[in-house]
Amino acid sequence: MNSVRVPRRLLLAGAGSAAVAALAGCQSSTATGPSARSTTPSTGSPPGSAGDEARLRRKVASLLVVGFRGERVNGNDWIVKAVREGLGGVILFDQDLETRSVRNIRSPAQVTALVKTLKEASPGRLIVSIDQEGGRTSRLKPSNGFPATKSQAEIGAENSPPATREWARGLVASLTEIGVNLNYAPVVDVNINPESRAIGKLDRSFSADPDVVVSNASEEIRAHRAAGVKTSLKHFPGSGSAAGNTDFEVVDVSSTWQRTELEPFQRLIEAGLGDSIMVAHVLNRQLDPTYPASLSRAVVTDLLRGRLGWQGPVVSDDMQAVAITRRHGSSEAVALGLQAGLDLLVFANQQVYDPDIVNKTLDTVVGLIRSGRLTEARIDQSVARVDTLRPKR
């Protein structure tokens with residue numbers, strides 16, 4: 001999918017300083033701040049008539065994936081109305097973070113019926129997504145009627161292609177049973193810090209060895225593709241050294257991040273094994289002195305798209321995560337994310353539950369286009385990329 005190969009030497013320690021210097025050059029020549037980027041010439045027309053605005057809102061809605069409460073839904077529920085009006089996708093959770101009660105998944109039959117209702121409400125090809133990594137980070141598990149799964153760490157420790165294939169097929173079977181078509185997996189973070197509260201301690205990484213990460217991730221992706229389920233490589237540009245969890249705190253990896261953490265992403269892109277790539281909310285001053293990776297043009301556009309040659313969809317981590325909302329606020333985080341190059345914006349609706357999150361986000365993005373900070377042409381680029389993630393009819 002990529003047209004630019006990054007020499008492997010750029011990722012090795014011997015050439016690391018040169019790579020960072022090149023990135024610094026990109027940052028100085030390509031402004032990453034909101035005031036600098038707001039001067040970009042407009043190539044699309046701001047919405048004029050009511051019909052133009054409705055069409056634009058529908059485009060933007062197609063770029064949103066949103067979480068919601070409910071084991072079952074009907075035509076009067078806000079999430080069904082949003083889906084009917086063009087919402088791009090939904091994300092399913094087993095437990096509600098605030099209430100600690102069941103959110104969307106109680107049993108295979110129940111969640112299958114829920115997904116069917118949502119798909120039937122959609123005028124297009126609805127993305128139904130989930131985090132099903134295996135082990136502790138599994139929304140489908142024995143407590144709600146699904147088979148137990150090994151963690152990525154357990155699979156990486158075995159490091160057996162046949163065993164990995166069998167494990168991955170088991171993961172995918174549960175997804176296809178209920179109608180999920182996008183899995184936010186595999187985690188391709190290198191296990192730099194085994195004590196990481198976000199990755200290592202939760203057994204979410206295959207290994208500290210990039211070769212093991214790439215080998216096992218490749219098998220997992222192929223198993224998903226064989227069943228028609230899309231995947232998302234995460235968490236770019238690497239969260240394996242992160243001490244904390246960006247859902248709940250600002251996480252700075254500037255002093256711990258290593259350039260080898262790019263290697264799994266680079267190699268999987270080169271092998272054509274990327275469907276989408278999720279960008280982390282970590283602050284990494286080695287790559288951008290100001291913005292977290294997810295809101296950084298230097299990371300998303302210059303590094304991921306430019307240097308690694310990624311041409312496919314870029315997915316956000318939860319846009320309501322404390323790591324970005326505490327500093328930038330919700331609306332500005334959306335603005336910065338789209339300016340950075342994000343395509344699919346995920347709102348888990350777990351940190352704060354907001355049934356009006358779709359309309360608020362649409363208002364924000366339309367306002368950005370009216371003000372000239374974004375163009376409709378930029379939105380069209382994301383629509384085209386995100387369409388590659390949608391299930392076939």
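This is a predicted model: local features need pLDDT of at least 70, side-chain atom pairs count only at pLDDT 80 or more; totals for chains, interfaces and linings use all residues.
Figure 1. Strand 9 covers residues 277-279 and runs parallel to strand 10, with three bridges joining the two. They belong to an open sheet of three strands, ordered 8-9-10 and paired in parallel. Strand 8 (233-236) and strand 10 (314-316) form its edges, each pairing on one side only. On average, neighbouring strands of this sheet are turned by 35 degrees against each other, direction ignored.

**Figure 2. Helix 9 lies across strand 8 and strand 9.** Helix 9 spans residues 263-270 and runs at about 140 degrees to strand 8. Do look for the aromatic rings in this view, which belong to one of the three aromatic pairs that the structure holds. The ring centres of Phe236 and Phe265 are 5.1 Å apart and their planes stand at 90 degrees, so this pair is edge-to-face. Phe236 sits in strand 8 and Phe265 in helix 9, so the pair links distant parts of the chain, 29 residues apart. Phe236 counts as buried because its relative accessibility is 0%. Phe265 is likewise buried, at 0% relative accessibility.

**Figure 3. Trp167 and Phe206 form an edge-to-face pair.** This is another of the three aromatic pairs in the structure. Its ring centres lie 6.1 Å apart with the planes at 80 degrees; angles over 60 degrees count as edge-to-face, so the pair of Trp167 and Phe206 falls in that class. Trp167 belongs to helix 7 (residues 161-178), while Phe206 is found in the loop between strand 6 (182-183) and helix 8 (210-226). The two residues are 39 residues apart, and their pair links distant parts of the chain. Both Trp167 and Phe206 are buried.

**Figure 4. Strand 1 pairs with strand 2 and is joined to strand 11.** Let us follow Val66 across both pairings. In strand 11, the bridge partner of Val66 is Phe347, and in strand 2 Val66 stands opposite Val90. Strand 11 covers residues 345-347 and runs parallel to strand 1, with three bridges between them. Strand 2 (residues 89-91) also pairs with strand 1 in the parallel sense, over three bridges. Along strand 1 (residues 64-67), Leu64 and Val66 point one way and Val65 and Gly67 the other; all of them are buried. Together with helix 4 (residues 78-84), strand 1 and strand 2 make a right-handed β-α-β unit.

**Figure 5. Asn144 is a buried loop residue.** Our last stop is the loop between strand 5 (137-138) and helix 6 (152-158), where Asn144 lies. Why does Asn144 count as buried? Its relative accessible area is 5%, and the cut-off for buried is under 20%, so Asn144 qualifies. A polar atom of the Asn144 side chain lies 2.9 Å from the backbone nitrogen of Lys141. Leaving aside neighbours within four places in sequence, Asn144 is in contact with Asp94, Ile105, Arg106, Ser107, Pro108 and Arg139.

Definitions and conventions. Residues are numbered from 1 along each chain as its sequence is written. Side-chain values use heavy atoms; hydrogens and water are left out. Helices (H or I, at least four residues) and strands (E, at least two) are DSSP runs, numbered from the N terminus. Buried means under 20% relative accessible area, exposed over 50%, partly exposed in between (1.4 Å probe, protein chains only). A polar contact is a pair of N or O atoms within 3.5 Å; within protein, one must be able to donate a hydrogen and the other to accept it, and residues adjacent in sequence count only if both atoms are side-chain atoms. Contact means heavy atoms within 4.5 Å. Two strands pair if DSSP finds at least two bridges between them. Axes are lines fitted to C-alpha atoms, for helices over the stretch in contact, and angles run from 0 to 180 degrees between N-to-C directions. A crossover is right-handed if, with the strands pointing away from the viewer, the path from the first strand over the helix to the second runs clockwise. Rings of Phe, Tyr and Trp (its six-membered ring) pair if their centres lie within 6.5 Å; planes under 30 degrees apart count as stacked, over 60 as edge-to-face and the rest as tilted.
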